[in-house]
Amino acid sequence: MSTFLSQQLIDGLAALTLLISFALLAQHRMLSVLHWFAAQGVLLAVTAALVAYSSGEHELYISAIMTFLLKGLLLPWMLWRVIRSLHVHREVEPLMNNGMTMMIAVVVTLFSFHVIQPIAVTSELMTRNSMAIATACVLLSMLMMITRKKAITQVIGFLAVENSLFFAAIGATNGMPLVVEIGIAFDVLVAALIFGLFFFQIRHTFDSMEVDAMNASLIHKDDEE
Amino acid sequence: MSSIFFQFLQALLMLLLAPLAAGFISTVKARLQNRHGAGVLQPWRDIRKLFSKEVVLADHASWIFRFAPYVVFTATVIAASVVPALLPDTPLSLTADVIALVALLALARFFLSLAGMDIGTAFGGMGASREMTFSALAEPAMLMSVFVLSLGAHSTNLTTMIHHVLSTPLLIQPSIAFALVAMLMIAVAETGRIPVDNPTTHLELTMIHEAMLLEYSGRHLALMEWASMVKILLFATLIIDLFVPWGLSLDANAAGICLALTLWLLKLSILFVVLAVLETGLAKLRLFEVPQYLGTAFVLSFLGLMIHYMLEVQL
Amino acid sequence: MNFFIATLLTPLLGGVMLGFIRNPRLAAKLNILTSATTFSFSILLSLQVLGQESLETLDGWFYLDAYNVFLVALTAFVGMTTTIFSKPYMQHELDIGRLNEKRMRLYHSMYQLFQFGMLLGFTTNNIGVLWVSLELATLATVLLVSLYRTPASIAAAWKYFILCGMGIALALFGTILVFFTSFTVLGHGNEALTWSLLYAHAADLDPAVMGIAFCFLMVGYGTKVGLVPMHAWLPDAHGEGPTPVSAVLSGLLLNLALYALVRFKMLVDGSTHSDMAGHIMMGFGMISLLVAAMSLHKQRDIKRMFSFSSIEHMALMTFAFGIGTPLASFAALLHMTVHSLVKSGIFFTVGHAAQVMGTQRMAEIRGLIYHHPGMGWGLLIGTAAIAGFPPFGVFMSEFLLFTATLESYPWLTVPLLLGLLIAMGGLFRFVQPMVYGETASHAKPVHVNMVPVYVHFALALLLGLAIPDLLAHWYHQAAALIAGGGV
Amino acid sequence: MNYTLSLCFALVACGSVLLAAMLTPCWQQKSNIQRAVLSLLLGMAGLFACAAGLTGLASGGGSMVLPLGLPWLPMHLRLDALGSFFMLVIGSLVLPVAVYSQGYLRHEKRLTPLAVFLPLFVLGMMGVVLSDDAFAFMLFWELMSVSSYFLVTHEHQHPENRKAGFIYLLMAHMAGLLIMGSFAVLYTASGSFEFSAMRDAELSPLWASAAFLLAGFGFGIKAGVVPMHGWLPDAHPVAPSNVSALMSGIMLKVAVFGFIRVTWGLMGSGDFQWWWGALVLAAGSSSAVTGVLMALQQHDLKRLLAYHSIENIGIILIGLGLGMLLAQAGHPMLAALGLIAALYHTINHALFKGLLFMGAGAVLHSTGSRNMEAMGGLIHRMPWTAALFLIACISISALPPFNGFVSEWLTFQTALMAPQLNGTLLTVIVPFSAAMLALAGALAATCFVKVFGVVFLGHARSDIAENAKEVDGWMKLGMAIPALLCLLLGVLPALFIPVLDQVPQALLHTSLFTDTASQNWLWLTPVDAEHASYSAPIALLGMLILGGLAFWWLHPKGAILRRSKMWSCGNPHTHARMQYNATGFSQPLRRIFAGMYQPDEHGHAERHQHKLLTTRVKYVVHVGDMVVKHLYQPVGQVTLWIAKAIRREHQRDIHAYLAYTFATVLLLLALFT
C-alpha cells in the first residue's frame, strides 16, 4: 500500500482518536467512560500495526501487541474490577457543566493546532498533522483530569494522557525506540498497579472516592491559627 | 612676663569683684523698691561669715557632696579667668575658646546637680532636673549666638573675635543685634535670674538653683554662692567683650590698663542697672513657659545667623 | 571492570534482596552496606572519569561528563548518610508502632530502587531512559510517602502521584517532540534519543519544535523540581512521608529533575540560539522564590516548612541556570551541592526532633537546646547555613549568584535579595522558638545519631571556606559546558 | 604580599581568638579553666590588636593572601592606616573586657556558648577590619553578625530576648545584603572583588550614588542610625554586659569603619557629590538628637545606654558628613579635620561606652536588676564602680577635661568651617547641625546626671540596692583601664592626633597638621592658633592648683564638720520613695517634647471612703519608639498578610492544582511559540 494511502489512514485514525478524547470528556456514566477508554486502547494498537506495516519497522508490531494487551484489555479490565468492587458506577458529576467543558475543549483543540502550525510549515514530515492531533488529545485528557471529581475518572484521564502520548509517538514519529517503549509501558503498568492499590487504600481510609474528602485531611494541618 | 602678671591681676579682679557685683545689683534693686538695702559689701560679709562657720553634713552625704563645691568653684573661676576683662590677649585666653568656656561652666553645673541629688531630698532632685533641662535648652541657643560672631571672625577664640570686632568699622549689623538680644536672654537664664529663676527665693516649688544648695552649709555653701556670683560677672564681661569691646587696651601698659579698667567697670554697672531694672519690672515666668523663652532666644540667634549669610557676607 | 554497571546494579540487586529480608535490624544494616558499596563504586567511577573530559560506555548508553559526575557522587553520598540516619530513626518508628515489619521491608526495598532510579537518571545518556528512570524514582517515592497509611499520608501520596504523573506525562510528550525532530537528523533509532549526539547536532534540530518541546519539558520536569505553580505536591509529600524520604526527596530527587531540565535547556539553546529557554527558567525561578519565601511565614508543620525552603532553593538554582552565564552556572552547581548536603542534614535533625517531641507541629516543639543540645545547635546552625549565613557554602553560592545577576540583569537583584531576606525571616521566625525557650515537658528520650548531620554541615562549611581544586575544576568544566564558555 | 610587624601582630590577635573558640569547648565541665582560658586568650587578642594598631599607624601596615574563599579569589588581607586605627579601637576595648569577663562570668551557668561565640564575634570584627576583598569582608561581616546574634540570644529563656534576637538577625541580614549590593555595584565597575581593583575603578555618577546609598543604608542599619535603629535598643541590653560593651563599643564602630572604607576608601573623595555629605549630616543630626531624647525616657539602665550609642553614632556621622561636604567642596585639609573628629569620637565612644556598659554590668551583677527605679545610694556600697562610672558619665557628657569633649570640640570646629562651603543653603544648615550637636551634648549631660544621681546617689530605693556588694578585683581592673584612657585621651589629645593623622594622609593624601598647628603637646590647635585653641593640660592644671589652694586654705586643721540628719527644709523624716526617680527627673523634658514622645500616661488615685482621703497615687507612663511603631510593625503585618493569602492558595483541592499546571502549559505555549 502506498505511503500516501497509509498516511491517509493514519490521519483518519488520528481523527478518531481525537473524537474519542472528546467522547471521554463528554461521558457521564463510569462504565461508558471505561468503554471509550478501552476503545482508545484498541485504536492505538491498530494505529501501531498500521504504522509498522507502512513504515516496515517490525519492532513496532511488538509494541502494537503490547498496547493491545495492556491498554486494550488489561487496564480496562482492572479498572472494571475496581469499579465493581467499590460500587462506584454512579453517575460521575463533573465540576463544571458539560457545555462549558465542551467549549473549553474546542478552544483547546484549536489552540493546539495553532501551536503546531509553525512546525507543519517548517518540518518536512508527513506525520505532522497527527502531532497536532496528539497535542490536542493530551490537553483534552488533562482537561478531563481537571474536571472530574472521582479518583477513578482522574486515573482514566491520566491513562488517557498516556494513550495520547503513545499515539504521538506512533503516529508522529513512527514509534520510539523499543527500549524506551518497553520502559514506558512498564512504567504505565506499574503506575496502574499502584493506582489499583491506592483505590482500596483510599476507599478503606476515607470510605469515599471523592478527591475532596482526601484533600480535607491535608488542609486541616494548615488551618488553625 | 608682664602679660602673665596682668593675666593674674585680671583673674583676681574677676574673683574679688564678683561679690561686689552681686551686692551692687541687690542694692540697686533695693533702691528701685524704695528699700535701703544691705549695702554693696553684704555678699562679702556673708561669704566671710560662712567660711568661718562649721559644716553640717547630712548622714549619708557621699564624697560627691563634699567634692562638688571645689569643682564648681574652680571650674567657674578658670572659665572666668579666660575671659579678657582688660587685655584682649593674655596667655590663658588661648587655653579655652568660647566652646571650651561653655563646657567648663557645664562641668560646674554637672557637679552642682549631682550634689543636689546626693542627699536624696525631693528638692535636690527637683532642682537638678530643672537646672539640667533648662540649661540643655539654653546651650544650643548660646552657641548659636556666639557662632554669629565667630563665623564672622572665622574663630572661636575670644581674643581673635574681639580683635575682629575692633577692626571692623562700627556699622549697624542686624545679625549682631539679634545675637546680642539672644545672648542677654541666655545670660539671664544661665545665671538663674528673674524671669527664669529667683535667686532670693527659698522653699518654693518654683526654685531651681537654690533647690540644689539647700543642704549646703559653711564653706561649701560659701564656695557655691561665690561661684554663682563669679558666673554673673563672667557672663556680663563676655557680653561686653563680644559686643562692645571698645576700650580694652591692646598692649599691656599701665595707662591703657587703667583706662580699660574704668571703662569695663562703667560698662558693667550699666549692664547691671539694666538687669536690676528688668528684675524689678518683670515677674517670674511659670516653669513651663521657660522653654518658650529659651526657644525664642534660639530662634533669634538662628535668625541672626541667616541674616549674617544673606545680607552681610559678600560672596 | 565497568563501574557504571557496578554503581547501578548494587542498588538494584540490593533493592530486590531487601524485599525478602524480614528482620528489620538486619535489613537496616544491609541497607547501609548496599549504599556504602554504591558510594564507593561511584567514587571509583568519578575517579575513572577524572582523567578524561567525558566518558561514554556500552555504545553510548551511559555518559559521564563534568556536569553529572559529581552529582552521581553526591547522590550516592547523601544516599549513604541517609541510610545511616534512617537506621535508628525507622527503628524508633517501628518501636512506637507507626510501622510494621512488612512496611519496613517495603521501605528498604523501595529506598534502594529509588537510589537505582536516581543513579540511572544521572548516568544515562538516553533522554528516554532519563524519563523512565525519573518516573521510576517517582513511583518508588510515592510508595514511600504513603508508607504510614494514615489518611493524610495517603492523600499526600495521591496528590503527589496525580500531579507528578501529569507533569511527568508532559515531560514525556516533550521528549517525544524532541524525538520528532531529531529522528529526521539522527535516523530512526536510539541515536535520536542519545543526549551526547543530540548535543553535537543541536544546531540541526528544528527550533520551532524544540521551542514547543521545551514548554512541555519545563512544565513537566518543573513539576518535579517543585516550581510554582506546579509545586503543590511537594510540601505534602515531604510533610507526610518518613523523614529519610523527605531528606532524599529534597536532597536528591529535585536535583535530578533540575538536572534533566538543564540538559534539555542545553539542547534547546543549541537549536534556537535564543535566550527563550533561559528566560522561561528565570521567570519560574523568580516567582517560585518569592512565593516560597512568603509561604515560609505561615507554617505549622516543621517538615512542610523546610520543604518550602527546598522550593525556594530549587528556585534559586533554576533562576541561576536560567541566567546561563558561566558564573551563574557555577553558582547554581555549587548551590545544588551545598543545598543537598545542608537540607538533608536539616531533615535528619528535624526528624529526630519530631520523634523527641512526638509531633511535627512546631507550636509543640520547644527548648530543644536544653534537653538535646546537639540537636538544638544542629537545627540552629543548619538553619543559619540554609538561610545563607557564612561561613557556609550557601552563602558563597548566593554571593556568586547575586553577582552574576547583577552582571546580566541588574534590576532582578532587587526581588532576588528581597526573596532571600523574607525567606531567612520566615525560617528563623519558627526555628528560634523551637530551639530556644523554656524546656518542653513532653520530651521523650530517643536514640539519636547526629553524626551524619555534622558530617553534612562540616562539608558545607568546607565548601564555604575553600572549594577543593578538584571540585572547583569540575564546576568550572560543567559551567563551561552548560554556558558554553569559561568562568 | 609583604609581612610587616603590624600585620603579624594582627594575625596573632586573630589567631588567639580563633584558638579560644576552638579550645574552650574542651573544658565543658571545668568552667573555671574555661573562663581563665577565654579571658587569657581574649586579653592576648586585645593586646596584640592594640600593638598591631599602634605599629600599623606608626610604621605602616602590610598585606597578605590566604588560600581561602573562592577558587579564583583567595582571601586578601591588608592592614592599612584606617584598618590599623580600628584595630587599635578594637584592641583597646577587647583587652579590658577580657579582664572584666574573668570576674563577670564567674557565676555564669552556660559558659560554653559564650566562650565559643564571644571569640568568634571578636574574630569577625578584626577580620572585617583586615579584609581587602569584598568576599572576605562579607564573610567576616556576617560572621560578626551571626555570632553576635547567638550572644544576644544567650539568655533565651525570656521571650523578649528571643524577639530581640530575631529582629536583630533580620536587620543584620538585611544590612548584609545591602552591603553586598554596594560591593556588587563596585564589582561590575571594576570587574574584580579585590579592593585594590575597586579603588582604581571609575564609577558613573549614577552607579556611584547607587553604591553610596546601598552602603549607607547597609552600614546605617548596623550602626543603628535613625530611622533604622529600631532593633538596637532591644538587642544590646539583653546580651551579657561584657558582650553589650563590645557590641555598643566596637561593633557599631565596625559599621562606621565599613562606611568609611567603602565611601572614602573604595570610591574615593573624588566621587563625592554634595548631597551625600548633606544626607550623612542630616542622618547624624537626627540620630544624635533622637537617640539622646529617647535615652532620657528609659529607666532600664542598659537600654538607656543603648540609646546613647545611637546618639554617639550620630555625632560621629556629623563629623563624617562635614568631612564629606568639605572634601567635595575641595578643602581636603578641612575634610581631614572632620574625619579626625569622627575617628577621635569613635575611639572615645568605644572607651566610655564600654566602660559604661561594664559599670552597668557591675550593678546588674551585684543587684541583679537593670531597673534604675530600684537603685539608689550605690556609691556607698560600690565606691569603686561609682567612681569609675562617674568618669565615664563625665566623658560621655562631653565635659572637660575628659575625652568626650575633645572630639565634640573638634566637630564644632569643623562645623565652623561652613563658610568654606559653596552655597548658602549648606552654610546655614551646617551651623544648625552644630546647634543640634550642642543640644545633644547638653541633653546627654542631663541624662547622665539622671543616671548617676538615681543609681548611685541618694537613698537605696529597694532591698537589692540596700544589699549590693562591690564587685571583685578583675571587674574593677577591667573598668579602670578604659577610665584611665578616657582621662589620657582627654588631657593629651595633641599627642594622639598626630598618630591619627595617618588616616587622612592615606584617604585624602593630605595632612591635617601643617607647621602652624604642630606647636607642642600643650595646645590643641586645628587649622591655626588664631582660629581656635584648647589646652586641656593647662585647664586641668589650673583647676588642680586652684582647687588645691581653696581646699588648703579653707579646710581648717581641726576639721569642724558635724554629721547630722539631713535638713530637707526642716523635714528630715523623708522616705526613700520621696526622692526624685528616673521617671520624675525626665518629666520636664517629657512635657517639653511631648509632641515627639507621644507618651501614654495613666494617673490613678485610690481614695478611701472619702473623696479627699487619697490613700495611694499611681502614675504609669510608657514612651514607645515611634520608629518601631510606624515603620517596623507595619512591615511585619504586611508580610504576614501576604503570607496568609498565599497559604489560602495552598489549601485548594487537587483539581485546582491540575488546572494550574494545565494553564501554565497553555500560557507557555501561547507566549513562546
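1. Chains B and C. No contact joins chain B and chain C in this predicted model. Their closest C-alpha atoms lie 41 Å apart. Chains A and B do not touch either. For chains A and B, the nearest C-alpha atoms are 49 Å apart.

2. Where the chains do touch. There are 4 pairs of chains in contact, and the pair with the most contacts is B and D. Chain B puts 68 residues into this contact, and chain D puts in 68 residues. On the chain B side, at least two residues come from each of β1 (55-58), α3 (63-82), α4 (98-118), α5 (122-153), α9 (218-243) and α11 (290-312). Helix α5(B) gives the largest share, with 18 residues. By class, the side of chain B that touches chain D has 43 nonpolar, 17 polar and 8 charged residues.

3. A strand pairing across B and D. Strand β1(B) is joined to strand β3 (residues 561-564) of chain D by 4 bridges. The two strands run parallel. Within this pairing, D:Arg563 in β3(D) stands opposite B:Leu57. Strand β1(B) is also one of the elements that supply at least two residues to the side of chain B touching chain D.

4. The C and D contact. Here 52 residues of chain C meet 46 residues of chain D. Five helices of chain C each supply at least two residues: α6 (151-186), α8 (207-225), α11 (276-295), α16 (393-408) and α17 (413-435). Which of them gives the most? That is α17(C), with 11 residues. The side of chain C that touches chain D divides into 37 nonpolar, 10 polar and 5 charged residues.

5. Chain A overall. Chain A has 8 helices and 0 strands. Along the sequence, its pattern reads α-α-α-α-α-α-α-α. Of its 225 residues, 50% are buried. Take the contacts in chain A between residues at least 6 apart in sequence: 73% of them join residues at least 24 apart.

6. A helix pair in chain A. Look at helix α6 (residues 151-173) and helix α7 (residues 178-206) of chain A. Their axes come within 11 Å and cross at roughly 175°. The cut-off for roughly antiparallel is over 145 degrees, so α6(A) is roughly antiparallel to α7(A). From α6(A), the contact uses A:Ala151, A:Ile152, A:Val155 and A:Glu162. From α7(A), it uses A:Val188, A:Phe195, A:Phe199 and A:Ile202. The contact residues divide into 7 nonpolar, no polar and 1 charged.

7. A helix pair in chain B. Helix α1 (residues 2-32) of chain B packs with α9(B), and here the axes come within 8 Å. They cross at roughly 90°. The helices α1(B) and α9(B) are therefore roughly perpendicular to each other. On α1(B), the residues are B:Met14, B:Leu15, B:Leu17, B:Ala18, B:Pro19, B:Ala21 and B:Ala22. They meet B:Trp226, B:Met229, B:Val230, B:Ile232 and B:Leu233 in α9(B). The class count for this contact is 12 nonpolar, no polar and no charged residues. Helix α9(B) also supplies at least two residues to the side of chain B that touches chain D.

8. Domains of chain D. Chain D is divided into domain 1 (272-514 + 577-592) and domain 2 (626-672). How far apart do the C-alpha centres of domain 1 and domain 2 of chain D lie? They lie 47 Å apart.

9. Strand β4 (residues 600-607) of chain D is hardly covered, as the count of buried residues among its 8 residues is 0. Strand β4(D) runs antiparallel to strand β5 (residues 614-622) of chain D, and 8 bridges join the two. One bridge partner pair is D:Glu601 with D:Val621 in β5(D). The hairpin of β4(D) and β5(D) has 6 residues between the strands. In this hairpin, D:Gln609 takes a positive phi near 45°.

10. D:Met596. This residue is found in helix α25 (residues 594-597) of chain D. Is D:Met596 buried or partly exposed? D:Met596 has 14 C-beta neighbours inside 10 Å, so it counts as partly exposed. D:Asp625 is 29 residues from D:Met596 along the chain, and their C-alpha atoms are separated by 9.8 Å.

Note on methods. Residues are numbered from 1 along each chain as its sequence is written. Chains are lettered from A and ligands numbered from 1 in the order in which they are written. This is a predicted model: local features need pLDDT of at least 70, side-chain atom pairs count only at pLDDT 80 or more; totals for chains, interfaces and linings use all residues. Axes are lines fitted to C-alpha atoms, for helices over the stretch in contact, and angles run from 0 to 180 degrees between N-to-C directions. Angles under 35 degrees count as roughly parallel, over 145 as roughly antiparallel, 65 to 115 as roughly perpendicular and the rest as oblique. Two residues are in contact if their C-beta atoms, placed from the backbone, lie within 7 Å. Ala, Val, Leu, Ile, Met, Phe, Trp, Tyr, Cys and Pro count as nonpolar, Asp, Glu, Lys and Arg as charged, and the others, Gly among them, as polar. Domain bounds come from an automatic or database domain assignment. A residue is buried if 20 or more other C-beta atoms lie within 10 Å of its own, exposed if 12 or fewer, and partly exposed in between; C-beta atoms are placed from the backbone. Two strands pair if DSSP finds at least two bridges between them.
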